[in-house]
Structures are given as C-alpha cells and as structure tokens.
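Please keep the sequence and the structure open while reading.

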Amino acid sequence: MPFNENQLNTPYFMIDETKLIENLEKAKQLKDISGAKLVLALKCFSTWGTFATIKPYLDGTTSSGPFEVQLGHQTFGGETHAYSVGYSKQDIDIVAPLSDKIIFNSLTQLDAHFEAADPFASLGLRINPERSVAGQDLANPTRPYSRLGVKQDLLDLSVLDKIDGFMFHMNCENTDADAFIDILDHISKTFGEYLSQLKWLSLGGGIFFTAPDYPIEKLGLALKAFSEKHQLQLYLEPGEAIITRTADLVVSVIDIVENDKKTAIVDSATEAHRLDTLIYNEPASIGEASNDGKFPYIIGSCSCLAGDLFCETQFDEALQIGQKLHILDSAGYTMVKLNWFNGLKMPSIYYKRVDGEIELLNSFDYQDYKNSLGQG
C-alpha cells in the first residue's frame with residue numbers, strides 16, 4: 001500500500017531522491033574534471049536505505065568509528081576507508097579486515113597498530129596543516145591545541161616506511177574555492193618532499209561544491225593540477241555536499257503559547273532530532289515561513305530544555321494547532337545523531353523516489369527506546 005504524505009504521522013524525515021541526484025550529478029562533474037575519487041562521509045549521513053541511489057556516483061565510504069566501517073563495507077561497498085581519532089586493539093581487529101585504507105590520527109597510533117593493520121590495508125596518517133576554513137571554532141580541526149592530526153614539525157621521512165598516504169581535513173562547509181586552493185598550495189609547498197613519495201592523498205570533507213554557483217570546474221582543475229604535480233591519487237570525503245537540501249524534518253504544531261512573543265510548540269526537539277541546530281547555534285529554516293510575513297513566532301521544541309528552539313521566524317498567516325511545518329535541509333548530522341532525550345518519539349525516515357513513490361526506510365517505537373537502555 002503506497003504512502004500518502006498528507007497522512008503520515010509526524011515527526012518524520014522525508015528524503016527526496018530527485019534532489020539527491022542533483023547533488024550527485026555535481027559530484028560526478030567534479031570527479032570527471034579532477035580525476036579525484038569521492039568517498040561518502042558516514043559521520044554526516046549513514047541512512048543506508050538511500051545507498052542504491054548514491055553508489056553509482058561515488059567510490060566508497062569513509063568512517064570515523066568501527067561501526068561506520070562495518071556499515072560502509074556491508075551496505076555500500078567500493079572502497080572502505082577507516083579513520084578514527086583513537087583505535088583500541090579491539091577496534092583494529094574489527095576494522096582491518098574490512099578496510100581498503102586505514103588512516104591513523106597520530107604517530108603513536110600508527111606504531112601501536114601497524115603490525116595488525118598492515119597485512120590488510122594501505123595505511124595513512126592524518127596531518128594537521130595548521131590552516132583551515134571553518135566558520136565555527138567547534139568544528140575547526142586546526143584550532144589551538146588540536147588533537148586532530150600530526151603537525152609538520154613532528155614528522156620525518158622515516159614515516160614513509162609505514163604509510164602510503166596522508167589525510168588532510170581542514171574545511172567545514174567551505175564555499176570559497178579560492179580559500180581551499182590557497183590551502184592546497186600551502187600543502188604542496190610545505191609537504192612536497194612527502195607527497196612525492198606517497199601513493200594517495202585524502203583532502204577530507206567540508207568542501208561545499210554543491211552550493212549554489214560554486215565554481216566546480218575551477219576546483220576540479222586545481223585538484224587535477226595538484227594530482228599531476230605530485231603523481232597522487234586524490235580523494236575527497238564529502239558528506240554535507242552530497243545530501244544538502246535533500247531532506248525535510250516534518251513536524252506538527254501541537255500548542256501555541258504566549259510570553260511577550262508567541263511560541264509554536266512542535267512535536268520534535270533540536271536536542272533529540274536536530275542537534276547541530278542547538279550546539280552550533282544555527283537557526284533552522286522553515287519551508288512555510290515568509291520573509292515579509294506579518295505573524296511572528298518562535299518555533300519551540302516539546303523538550304523540557306528551556307533553550308531548545310528551532311528558530312524565530314514569521315508567516316503570512318497565523319499558525320494553527322495541527323498544522324505541519326517543514327524544517328528544511330535536515331539530512332546532514334541529524335539521523336546519525338538521533339537520541340531518546342525526554343523519551344520523545346523518534347522521527348520515522350521516508351524516501352521519496354523520483355517517480356513520487358514514498359518508501360518507509362525506518363520507524364521507531366517504545367520498544368526501541370526501552371531496548372536502547374537495557375534488556376530483560
């Protein structure tokens with residue numbers, strides 16, 4: 001029986017395949033121009049029910065933990081890249097047989113796990129280039145005292161006896177191609193003696209090449225020139241760039257309260273369902289809102305956390321209890337961060353295919369909540 005979107009119970013995520021393919025076509029364009037390979041960053045988006053759409057466009061997955069490695073290997077295929085800030089011995093025993101590339105965060109991690117990892121995968125090391133483009137300090141991998149990657153002054157050429165590649169991750173939602181190319185030039189000059197002896201180089205994620213009017217050709221040609229100069233296979237690790245603007249979190253207004261301003265209470269919460277809205281203090285956008293609207297509202301969550309608000313915006317008409325609202329651009333860092341705060345109902349996940357058919361990818365109930373906290 002097909003799903004009718006108007007009859008779906010909120011809250012739920014609706015992923016739009018048509019919009020996803022639009023981003024993937026831009027990824028294909030970048031690959032064709034640059035010769036770089038692209039691996040999906042599962043830390044941003046791991047909803048594997050959509051992978052059949054994504055797989056023809058990308059070359060594999062990259063992870064930040066052992067469960068992501070297993071998920072990428074089992075459900076996506078292609079190349080499986082494994083990275084973690086810190087692997088335990090148990091982690092390496094799980095990850096190594098499943099991985100094509102294993103990237104270590106430090107020299108001590110490389111030394112500790114080299115013998116266990118080397119028989120299975122091509123090994124790499126994360127480097128801190130000490131330059132980045134990140135709008136939020138929380139997401140800046142080269143911030144002072146960063147624990148992410150090895151600085152140049154701690155390296156020597158002997159490390160090349162154990163590794164085939166480097167990974168630099170120094171961007172977060174960077175829409176400035178020139179800023180990225182400047183960092184690329186810095187890497188070329190600073191680490192050139194290493195690059196000439198490596199087989200591959202990952203330039204991480206956070207390059208927002210699917211943003212409107214992004215100069216994809218300019219980026220692609222810069223990557224191609226870099227690759228040819230150093231004779232390296234380049235990798236990018238897009239996450240947000242692949243799934244931006246592809247999904248809404250659909251909620252319902254369940255109450256309207258007034259305390260100098262009107263707040264529409266919805267059946268969702270940033271703390272539980274859209275955590276980055278809260279921790280980065282980045283207000284959400286509402287599809288039904290209007291810049292010139294005469295009816296202002298705070299869109300508030302139904303959690304008990306006082307500051308748990310989606311945004312403050314305005315509408316052309318007064319909101320009504322029971323009305324649905326679409327919280328836009330809700331694919332990245334949402335489904336991977338869902339939690340059971342306040343015992344709130346977790347959003348279902350739907351996938352609207354190109355032909356308009358809606359598929360249920362997952363739904364959650366009380367038993368899922370109970371099982372997450374214990375057994376018996």
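The paragraphs below take up the cysteines, then a threonine in a helix, and then the aromatic rings.

**Cysteines**

The model is a predicted one, and a search of the whole structure finds zero disulfides in it. A disulfide would require two cysteine sulfur atoms within 2.5 Å, and the sulfur of C302 lies 10 Å from the closest cysteine sulfur, that of C304, which is too far for a bond. C311 is likewise in no disulfide, since the nearest cysteine sulfur, belonging to C302, is 15 Å away.

**A threonine in helix 11**

Is T277 buried or exposed? T277 is buried, because its relative accessible area of 6% falls under the 20% that sets the limit for that class. T277 has its place in helix 11, which covers residues 275–279. When residues up to four places away in sequence are not counted, T277 touches T270, E282, P283, A284, L309 and F310.

**Aromatic rings**

How many aromatic pairs does a search of the whole structure find? The search finds 11 aromatic pairs, and two of them are set out in the table, with the distance between ring centres and the angle between ring planes.

| Pair | Centre to centre | Angle between planes | Geometry |
|---|---|---|---|
| F166 and F168 | 6.1 Å | 85 degrees | edge-to-face |
| Y297 and F315 | 5.9 Å | 70 degrees | edge-to-face |

The pair of Y297 and F315 links distant parts of the chain, for Y297 belongs to strand 15 (residues 295–300) and F315 to strand 16 (residues 309–315), with the two residues 18 residues apart. The pair is classed as edge-to-face because its planes stand at 70 degrees, and planes over 60 degrees apart count as such. Both members of this pair, Y297 and F315, are buried.

Turning to the other pair in the table, F166 is buried, and F168 is buried as well. These two phenylalanines also belong to one aromatic cluster, which is formed by F166, F168, F191 and Y194.

A charged side chain also meets a ring in this model: K162 lies over the face of F114, at a distance of 5.4 Å from the ring centre.

Definitions and conventions:
Residues are numbered from 1 along each chain as its sequence is written. This is a predicted model: local features need pLDDT of at least 70, side-chain atom pairs count only at pLDDT 80 or more; totals for chains, interfaces and linings use all residues. Side-chain values use heavy atoms; hydrogens and water are left out. Helices (H or I, at least four residues) and strands (E, at least two) are DSSP runs, numbered from the N terminus. Buried means under 20% relative accessible area, exposed over 50%, partly exposed in between (1.4 Å probe, protein chains only). Contact means heavy atoms within 4.5 Å. Rings of Phe, Tyr and Trp (its six-membered ring) pair if their centres lie within 6.5 Å; planes under 30 degrees apart count as stacked, over 60 as edge-to-face and the rest as tilted. A charge sits over a ring if NZ of Lys or CZ of Arg is within 6 Å of the ring centre and within 35 degrees of the ring normal.
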